[in-house]
Amino acid sequence: MNQIRKPTTGDVTVGALPSSEKFYVDGERLGDHKVPMRRIFLHESAKEEPVVVYDTTGAYTDPNQSIDIEAGLPRLRTAWIEARGDTEVYTGREIKLEDNGGAVGEKLVPEFPTKHKPRRATGGRSVSQLAYARQGIITPEMEFVAIRENMLRDLSPEEAAKLKAEAERWGAEIPDVVTPEFVRDEVARGRAIIP
């Protein structure tokens, strides 16, 4: 019979990744938050500079973070959302049997100990990135995407032209540097989505 055991922080892989280092890039609209990047060191025989990529590993590979899975992940966007002033916190409903696929008894996974109140839009507004983009508003999320997409790359004119030509073949109008305004425009046109 399956035994469901509540995971502990010791069950989660944490720490630095080999042959690379995590670092963060500042932005103008991001406040205390920064865009995570990873510098991957190549073997010395390659005689190449490290490769910079966007880091998707979250807090778990940051040696400066304290991990407590019962606390959940940090809610990084809260300050951005609150600053827009177009949402409110409300009391959500209790979890129902159907939320867990009807599981009962030993098959029922314990409820997560940290409960955050949900948010909703106020005044009949739409609070999606698409709605902001179409109003001409550049959000911190759009700046985050722009910084991530640039990946600190310094492309040669030939490399930039090749990438640009490939993207434009599909209808995009790619600038040499991805700016927050470019991201806003692509979202407003429906060619980019910020999940």
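**Entry 1: the main core**

I began with the largest nonpolar core, which has eleven residues in all: Tyr 132, Ala 133, Met 142, Val 145, Ala 146, Val 178, Phe 182, Val 183, Val 187, Ala 188 and Ile 194. By such a core I mean a set of buried Ala, Val, Leu, Ile, Met, Phe, Trp, Tyr and Cys residues joined through side-chain atoms within 4.5 Å. I use buried for under 20% relative accessible area, exposed for over 50%, and partly exposed for what lies in between (1.4 Å probe, protein chains only). I then looked up which elements give two or more residues to this core, and found H2, H3 and H5. H5 gives the most, with four residues.

I note here that this is a predicted model, in which local features need pLDDT of at least 70 and side-chain atom pairs count only at pLDDT 80 or more, while totals for chains, interfaces and linings use all residues. Residues are numbered from 1 along each chain as its sequence is written, and side-chain values use heavy atoms, with hydrogens and water left out.

Taking Val 145 from the list, I looked up its contacts (heavy atoms within 4.5 Å). When residues up to four places away in sequence are not counted, Val 145 touches Val 183 and Ile 194. I also found a second, separate core of eight residues, which includes Val 25, Val 35, Trp 80 and Ile 147.

**Entry 2: helix H5**

I returned to H5, residues 180-188, and found that it is largely enclosed by the rest of the structure, because seven of its nine residues are buried. The buried residues of H5 are Pro 180, Phe 182, Val 183, Arg 184, Glu 186, Val 187 and Ala 188. Among what covers them I noted helix H2 (129-134) and helix H3 (140-150). Just after H5, I saw that Gly 190 takes a positive phi of about 85 degrees.

**Entry 3: the order of elements**

I next went through the secondary structure of the protein, which comes to five helices and five strands; these are DSSP runs numbered from the N terminus, helices being H or I with at least four residues and strands being E with at least two. From the N terminus on, I read the elements as β-β-β-α-β-β-α-α-α-α.

I found Leu 152 in the loop between H3 and helix H4 (157-168), where it is partly exposed, with a relative accessible area of 48%. Leaving aside its neighbours within four places in sequence, Leu 152 is in contact with Phe 23, Val 25, Met 37 and Val 52.

I then turned to Ser 19, in the segment before strand E1 (20-25), and found its phi near 55 degrees, a positive value in a residue other than glycine. Lys 47, in the loop between strand E2 (35-40) and strand E3 (51-54), also has a positive phi, of about 55 degrees, although it is not a glycine. Lys 47 is exposed, with a relative accessible area of 76%.

Asp 68 lies in the loop between E3 and helix H1 (78-84) and is partly exposed, with a relative accessible area of 40%. I noted that Asp 68 and Val 12 are 56 residues apart in sequence and 9.4 Å apart in space, C-alpha to C-alpha. Ser 126, in the loop between strand E5 (119-121) and H2, is partly exposed as well, with a relative accessible area of 43%.

**Entry 4: the whole chain**

Last, I looked up the overall values, and found that the protein has a radius of gyration of 21 Å, whereas a compact globule of 195 residues would have one near 16 Å. That radius is taken over C-alpha atoms, and the globule rule is 2.2 Å times the number of residues to the power 0.38. The C-alpha atoms fill a box of roughly 65 × 55 × 30 Å, taken along the principal axes. Buried residues make up 24% of the 195 residues. Among contacts between residues at least 6 apart in sequence, I found that 62% join residues at least 24 apart.
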